[in-house]
Number of protein chains: 2
Amino acid sequence: MSPDPFTITSRDGDARAGVLGLPHGTVATPAFVPLASTGTVKSLHASEVSALGFEMVLGNTFHLFVRPGAERLREQGGLHEFMGWRQPIITDSGGFQVFSMGHGNVAAEIKRTGSRRQGQGVLLSIDERGARFRSYLDGAELFMGPEESMEMQAAIGSDIALAFDECTPFHVTREYTQSSTERTHRWLERCVGWHREHGEAGRLLYGIVQGGVYEDMRGESARFVAEAGVDGIAIGGSLGQEKEQMRDVVGWALGESPNTLPRHLLGIGDIDDLVAGVRAGIDTFDCATPTRLGRHGTALVPDPGGRWRLDLTAPASAGVKGPIEEGCPCPACREHTRSYLHYLLRARELTGVRLVTLHNLTFVERLMTGMRTAIGAGELEVYGERVLAGGAP
Amino acid sequence: MSPDPFTITSRDGDARAGVLGLPHGTVATPAFVPLASTGTVKSLHASEVSALGFEMVLGNTFHLFVRPGAERLREQGGLHEFMGWRQPIITDSGGFQVFSMGHGNVAAEIKRTGSRRQGQGVLLSIDERGARFRSYLDGAELFMGPEESMEMQAAIGSDIALAFDECTPFHVTREYTQSSTERTHRWLERCVGWHREHGEAGRLLYGIVQGGVYEDMRGESARFVAEAGVDGIAIGGSLGQEKEQMRDVVGWALGESPNTLPRHLLGIGDIDDLVAGVRAGIDTFDCATPTRLGRHGTALVPDPGGRWRLDLTAPASAGVKGPIEEGCPCPACREHTRSYLHYLLRARELTGVRLVTLHNLTFVERLMTGMRTAIGAGELEVYGERVLAGGAP
């Protein structure tokens with residue numbers, strides 16, 4: 001018997017707290033999903049991610065398709081067994097990386113903060129079937145379309161698969177966005193068909209709402225996805241160039257999405273965006289930011305200025321005996337000073353990268369736990385305002 | 001009241017088990033001392049090293065002198081506070097790195113397996129006072145002699161300081177070795193003088209036995225060091241080109257060393273060398289090998305062939321579902337397959353480096369615990385033979 005795929009346990013305004021019931025366990029929502037794009041949350045092994053409180057990670061279909069490949073993953077019992085992570089996995093469809101190759105630096109445009117998901121290589125052709133491209137590893141020619149993406153996600157064994165989409169960038173025309181979104185819808189139908197025929201029981205398929213920054217197209221795409229018979233809704237593509245526009249785009253998509261389906265916002269993870277997303281009714285988020293910032297030596301911290309970033313490599317931290325954040329339960333804060341972290345990061349020591357990664361993931365997990373608790377108590381508004389005003393999560 | 005600096009609790013042939021009593025705690029011997037040359041055991045934070053069972057780490061006076069420097073360390077309360085390691089620290093005197101700059105690739109000669117301790121930069125001059133050199137970081141001109149080394153080790157706050165020495169390589173003449181060893185002896189007297197005048201209570205000073213591969217010089221150097229009023233004996237410099245010669249050199253030095261003083265063997269950590277060293281009466285060892293092998297993807301494993309190395313990056317591990325070593329309690333073995341580790345290492349993921357580092361340190365700590373227990377039971381010979389024959393440590 002499969003568990004109930006999504007149960008909403010409380011509502012607070014448009015926000016909801018709930019539980020995703022998946023083949024590999026449950027996920028309390030709203031939840032942040034750390035990226036294990038290449039089969040590892042960078043610098044951590046699986047049980048450490050679990051110990052931080054996370055219940056789901058995101059595997060990247062494109063990267064895992066290139067290496068280690070479907071054959072190795074099948075042989076090793078799927079990604080859960082391969083990486084030693086026995087809790088739920090959601091997989092990105094691979095569309096973003098495939099199309100990034102053709103659109104140039106699409107990623108930097110979609111978000112103000114740089115690439116949402118990493119991808120390099122050479123796109124050879126795109127047509128109705130899918131995309132041909134060269135592997136960034138060895139130059140081998142590879143092909144991925146909706147069926148190949150679904151097959152790869154099945155080889156991964158993901159609890160939640162995403163339909164193959166073209167992730168349209170910001171700079172293209174309305175006409176391009178329109179025709180791309182329509183092709184994404186046709187691909188969605190093929191993914192739904194594949195999933196009905198081949199999908200294992202209990203595994204979910206989310207459709208991706210595209211439509212760029214156009215209200216009518218986002219609404220239309222959301223209705224199309226909802227009617228396609230999917231288990232959940234993901235919002236992807238260009239969310240605009242400013243945070244305000246992003247909130248509009250998310251609002252348009254959610255306005256036409258069924259209230260009962262789980263909703264994932266792709267590639268978003270800034271602190272204010274997580275608060276706004278949860279308030280708007282998003283259930284899960286994935287984003288490279290907390291871990292990528294950590295690798296670059298920037299810690300997430302309470303900040304009334306609304307940036308929540310402390311660059312530990314800057315001279316200001318060189319002599320500071322205090323921790324990144326007083327009261328934070330992570331090992332970087334409990335056991336080490338800013339001065340030491342500054343030194344480690346300047347000396348390019350792995351230990352520094354790892355400690356800041358642990359801190360940043362802890363910060364985000366505290367925020368998500370705080371929001372789940374606040375929704376249950378009907379106090380999300382107060383909690384969110386407190387965090388936005390620079391309070392500890 | 002300072003604790004008793006060294007108590008031998010049992011003997012088994014020439015081997016001894018004991019306890020070092022140091023300002024920051026005790027160290028059960030024989031012990032392996034992981035390198036925290038730059039103030040971190042690479043990829044691990046301090047409490048993780050402690051959790052592995054290690055009771056002392058080695059800080060490198062030269063590296064810490066260059067960065068973060070004495071001033072920062074004093075400001076931050078010494079290396080213990082700076083790196084969050086509150087157990088004992090032994091410090092290398094810096095001589096090895098200083099002289100490596102002048103002798104070219106001395107390190108690769110001293111050991112068959114590559115550099116024993118890392119060091120780069122430009123040596124400008126050596127004389128009776130000490131050595132002038134250029135920082136490998138910023139080209140600044142720096143000076144280190146016996147007094148500067150002792151001052152730096154005091155700023156570090158090391159529990160065991162090593163006297164400043166010239167680490168003579170293998171390729172120099174007997175005459176050079178002779179005059180270098182004599183200068184090292186004069187420097188030892190200055191270090192002992194400095195330590196008497198300025199050393200904090202309870203902190204120990206070890207002298208370093210030099211003398212190259214010459215039996216008479218090693219014996220003479222050991223007698224000189226023992227009579228200089230040191231708290232312990234370290235054996236340094238060229239130990240020869242073959243393992244057999246190394247054992248001879250160690251034997252000559254120990255033959256003239258007081259039976260009651262603690263003895264440290266510098267830069268040695270191969271499995272068979274640890275067994276031979278403990279049998280010969282060595283109490284502590286430091287070596288880059290376990291952690292450096294880990295960073296290069298080579299795991300320590302039981303091996304009747306006497307190499308104890310498994311290159312996880314080689315194709316043979318690509319599909320292996322078993323762990324590095326059945327029964328090993330480390331997270332790499334308990335939670336992950338060789339296939340996953342192979343993949344992580346080939347993808348240059350930090351997680352892979354870290355997991356193999358954890359395994360290798362676990363392997364060495366199991367060996368040292370096994371030898372301590374065996375000495376207590378009078379069974380070191382049997383235990384050592386079992387490990388040398390490929391048994392688990």
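Let me start at one residue. B:Arg86 sits in the loop between helix H4 (78-83) and strand E6 (89-92) of chain B. Keep in mind that this is a predicted model. Leave out residues up to four places away in sequence, and B:Arg86 touches B:His24 and B:His80. One more distance for this residue. B:Arg86 and B:Glu151 are 65 residues apart in sequence, and their C-alpha atoms are 20 Å apart in space.

Next, backbone details in chain B. Two residues have a positive phi without being glycine. B:Trp308 has a phi of about 55°. B:Trp308 is in the loop between strand E15 (298-300) and strand E16 (309-311) of chain B. B:Arg348 also has a positive phi, about 55°, and is not a glycine. B:Arg348 is in the loop between helix H14 (338-346) and helix H15 (350-376) of chain B. So what about their surroundings? B:Trp308 counts as buried because it has 23 C-beta neighbours inside 10 Å, and the cut-off is 20 or more. B:Arg348 has 9 other C-beta atoms within 10 Å, so B:Arg348 is exposed.

Now the cis peptides. In chain A, a cis bond joins A:Arg67 and A:Pro68, with omega about 5°. A:Pro68 lies in the loop between helix H2 (61-66) and helix H3 (70-75) of chain A. In chain B, the bond from B:Arg67 to B:Pro68 is cis, with omega near 10°. B:Pro68 lies in the loop between helix H2 (61-66) and helix H3 (70-75) of chain B.

On to the chain contact. How many residues of chain A are in contact with chain B? On the chain A side there are 33, in contact with 33 residues of chain B. Several elements of chain A give two or more residues to that side: helix H1 (46-51), helix H4 (78-83), helix H13 (331-335), helix H14 (338-346) and helix H15 (350-376). Which one gives the most? H15(A) does, with 5 residues. By class, the chain A side has 13 nonpolar, 13 polar and 7 charged residues.

H14(A) and H15(A) also pack on each other. Two packed helices are described by the angle between their axes and the distance between the axes. For H14(A) and H15(A), the axes come within 7 Å and cross at roughly 125°. The two helices are therefore oblique to each other. The crossing is left-handed. From H14(A), the residues are A:Leu341, A:Leu344 and A:Leu345, and they meet A:Thr351, A:Gly352, A:Leu355 and A:Val356 in H15(A). That contact divides into 5 nonpolar, 2 polar and no charged residues.

A second pair is H7 (residues 146-156) and H8 (residues 174-198) of chain A. Their axes come within 9 Å and cross at roughly 40°. That makes H7(A) oblique to H8(A). Here the crossing is right-handed. H7(A) brings A:Pro146, A:Glu147, A:Met150 and A:Ala154. Those meet A:Trp187, A:Arg190, A:Cys191, A:Trp194, A:His195 and A:His198 in H8(A). The classes are 6 nonpolar, 2 polar and 2 charged.

Last, two helices that pack against each other, H9(A) and H10(A). Take H9(A), residues 215-227. Its 13 residues, at 1.5 Å a residue, should span 18 Å, and its end C-alpha atoms are 18 Å apart, so the two agree. Which residues of H9(A) are buried? They are A:Met217, A:Arg218, A:Glu220, A:Ser221, A:Ala222, A:Phe224 and A:Val225. They pack against H8, E11, E12 and H10 of chain A. Just after H9(A), A:Gly229 takes a positive phi of about 85°.

The buried residues of H10(A) are A:Met246, A:Val249, A:Val250, A:Trp252, A:Ala253 and A:Leu254. What do they pack against? The partners in chain A are strand E11 (204-209), helix H9 (215-227), strand E12 (232-235), strand E13 (263-265) and helix H11 (271-280).

Definitions and conventions:
Residues numbered from 1 in each chain as written. Chains lettered and ligands numbered in written order. Predicted model: local features only at pLDDT ≥ 70, side-chain atom pairs only at ≥ 80, totals over all residues. Axes fitted to C-alpha atoms, helices over the stretch in contact; angles between N-to-C directions. Helix = DSSP H or I, 4+ residues; strand = E, 2+ residues; numbered from the N terminus. Parallel < 35°, antiparallel > 145°, perpendicular 65-115°, else oblique. Left-handed = near helix turned anticlockwise from the far one by under 90°. Contact = placed C-beta atoms within 7 Å. Nonpolar A, V, L, I, M, F, W, Y, C, P; charged D, E, K, R; others polar. Buried ≥ 20, exposed ≤ 12 C-beta atoms within 10 Å, placed from the backbone. Expected span 1.5 Å × (residues − 1).
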